[in-house]
Amino acid sequence: MQTILAVETSTQACSACLKRGEDVYLEYELAPQKHADRLLPMVDSVLKQAGIRPGEIDALAYGEGPGAFTGIRIAAGVIQGLAFAWQKPVVSVSTLEALAWQGYQASGQAQWWACLDARMQELYVQSCRIESGVLASDSAQLVSEVQALAMIKDSGISQGVGDIDQVFPAIQAAFGHWESALPSAEAVAAIAAQRPEQAFDVEEVLPQPVYLRNDVADKKPTPTA
């Protein structure tokens, strides 16, 4: 796949990216609660910047989550609509994998814990590694602060990336190197380009958001000491 259109709306950041070989066209902004209004104009903008038509796109990609419930539904829904309209295959990419790739691009370090605030005194974490320029990962998990600290210590990985530094300063302090970041469609596109075999046809499988927490309406915050 040489030309990929990707979107990412899992956090307060909203972005769209057109990757054509080594050329990258990106629209990225912080747009809390405005993703539904901003995403399609961003898609239109990157297509115009690249000077290509939908028919020239090889595949679509989206950040599947975990992340904000409304945000990841928006990304999945927009990509589903575009895939049906343009008859394009789709690749889903973990939001946390996107963060790990951004950490790798920023520092060159190959092993990362990606961490996102999940609210309710919990966080989403995923251990990722880059081998020969290709990202691989373990499963994403929803954990408590205590669980995250134990996992980080046991892993021996000293690089972390994400948005939890203000909410979980002890977790940030557990890393030797920390990158503050929100996921970007540019990273989603880069990872999707590594996984052409994972592209699926929306006539057979619909793009799905990954929540990790399905009982959010019933769950009570953990009491603090």
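Eight salt bridges hold a place in this structure, a salt bridge being a side-chain nitrogen of Lys or Arg within 4 Å of a carboxyl oxygen of Asp or Glu. This is a predicted model: local features need pLDDT of at least 70, side-chain atom pairs count only at pLDDT 80 or more, and totals for chains, interfaces and linings use all residues. Residues are numbered from 1 along each chain as its sequence is written, and side-chain values use heavy atoms, with hydrogens and water left out.

- Side chains of opposite charge can pair when their charged atoms come close.
- E97 and R195 meet through their side chains, N to O, at 2.9 Å. This pair links distant parts of the chain, with E97 in helix α3 and R195 in the segment after α6, 98 residues apart. Helices (H or I, at least four residues) and strands (E, at least two) are DSSP runs, numbered from the N terminus.
- Both E97 and R195 are buried. Buried means under 20% relative accessible area, exposed over 50%, and partly exposed in between (1.4 Å probe, protein chains only).
- E122 pairs with R213, their closest N and O atoms being 2.5 Å apart. Here too distant parts of the chain are linked: E122 is in strand β7, R213 in the segment after α6, 91 residues apart.
- E122 is buried at 12% relative accessible area, and R213 is buried at 3%.
- R38 bridges to E29, with 3.1 Å between the closest N and O atoms. R38 is partly exposed at 25%, and E29 is partly exposed at 27%.
- A network of salt bridges links R129, E131 and D138.

**Helix α3**

- Helix α3 covers residues 95-107, 13 residues in total. Its first and last C-alpha atoms are 19 Å apart, close to the expected 18 Å. The expected span is 1.5 Å times one less than the number of residues.
- S94 caps the N-terminal end of α3, placing a side-chain oxygen 3.1 Å from the backbone nitrogen of L96.
- The buried residues of α3 include L96, E97, L99 and W101.
- G108 follows α3 and has a positive phi, near 85°.

**Nonpolar core and surface**

- The largest nonpolar core has 28 residues, and A61, L99, W101 and L135 touch the most other members. Such a core is a set of buried Ala, Val, Leu, Ile, Met, Phe, Trp, Tyr and Cys residues joined through side-chain atoms within 4.5 Å.
- Elements giving two or more residues to this core include β1 (3-8), α3 and β7 (122-131). α6 gives the largest share, seven residues.
- V24, L26, Y28 and L30 make a nonpolar surface patch of about 320 Å². Patch residues have over 30% relative accessible area and no salt bridge; like charges are joined within 9 Å, nonpolar side chains (Val, Leu, Ile, Met, Phe, Trp, Tyr) within 5 Å.
- Y28 is in strand β3 (residues 23-30) and is partly exposed at 36%.

**Backbone exceptions**

- Most residues other than glycine have a negative phi, and most peptide bonds are trans.
- G65 and P66 are joined by a cis peptide bond, with omega about 5°. P66 sits in the loop between β4 (59-63) and α2 (69-86).
- Q87, not a glycine, has a positive phi of about 55°. Q87 lies in the loop between α2 and β5 and is exposed at 52%.
- R119, also not a glycine, has a positive phi of about 65°. R119 is in strand β6 and is exposed at 61%.

Notes. Polar contact = N/O pair within 3.5 Å; in protein donor to acceptor, adjacent residues only side chain to side chain. Areas by Shrake-Rupley, 256 points an atom, 1.4 Å probe, with all protein chains shown as cover.
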